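Let's take a friendly walk through a structure by way of its charged side chains. Have the viewer ready, and follow the pairs as they come up.

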Amino acid sequence: MQIPPGFRVVSDPSGFDLAVAAMVRGVPAGTVASYGRIAAWLGRPAAARAVGGVLARAGGDMPAHRVVTATGRLAPGWQREQAELLRSEGVRVWRGHVAEPIPWWTGPAA
């Protein structure tokens, strides 16, 4: 199994890890997706926290900053950096949340 760019090698990534990486890399600049939506698109609707775990282990070239909570809240622990990255892509952020109207990604092409 080839490890995709953006993963720190702690152990071999699972199929779920690789699927999350591929999905997150598909989120276009200027839009955001929620942990829960990504999990649902991958066929695991109850795995929102697992998506967050995968992103927490991911390396620097993963656009994890484009993933937020279902209410648009930024991820705890790196809100300032996440906000700066989102703003650099034209996403409006205010007080730790993506500002309304939230530019949700509509998902992978069917």
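A salt bridge here is a side-chain nitrogen of Lys or Arg within 4 Å of a carboxyl oxygen of Asp or Glu. Keep in mind that this is a predicted model. With that cut-off, the structure holds 3 salt bridges.

Start with Glu-89 and Arg-66, whose side chains meet in a salt bridge with an N to O distance of 2.7 Å. This pair links distant parts of the chain, 23 residues apart: Glu-89 sits in the loop between helix 4 (79-88) and strand 3 (93-94), while Arg-66 sits in the loop between helix 3 and strand 2. Arg-66 is buried, at 12% relative accessible area, whereas Glu-89 is partly exposed at 22%.

Next, look at Asp-17 and Arg-57, which form a salt bridge at 3.0 Å, N to O. Because Asp-17 belongs to helix 1 (residues 15-25) and Arg-57 to helix 3 (residues 48-57), the pair ties together parts that are 40 residues apart in sequence.

Finally, turn to Asp-61 and Arg-25, a salt bridge in which the closest N and O atoms are 3.8 Å apart. Asp-61 lies in the loop between helix 3 and strand 2 (67-68) and Arg-25 in helix 1, so this contact ties together parts 36 residues apart in sequence. Asp-61 is partly exposed, with 47% relative accessibility, and Arg-25 is partly exposed too, at 32%.

Key:
Residues are numbered from 1 along each chain as its sequence is written. This is a predicted model: local features need pLDDT of at least 70, side-chain atom pairs count only at pLDDT 80 or more; totals for chains, interfaces and linings use all residues. Side-chain values use heavy atoms; hydrogens and water are left out. Helices (H or I, at least four residues) and strands (E, at least two) are DSSP runs, numbered from the N terminus. Buried means under 20% relative accessible area, exposed over 50%, partly exposed in between (1.4 Å probe, protein chains only).
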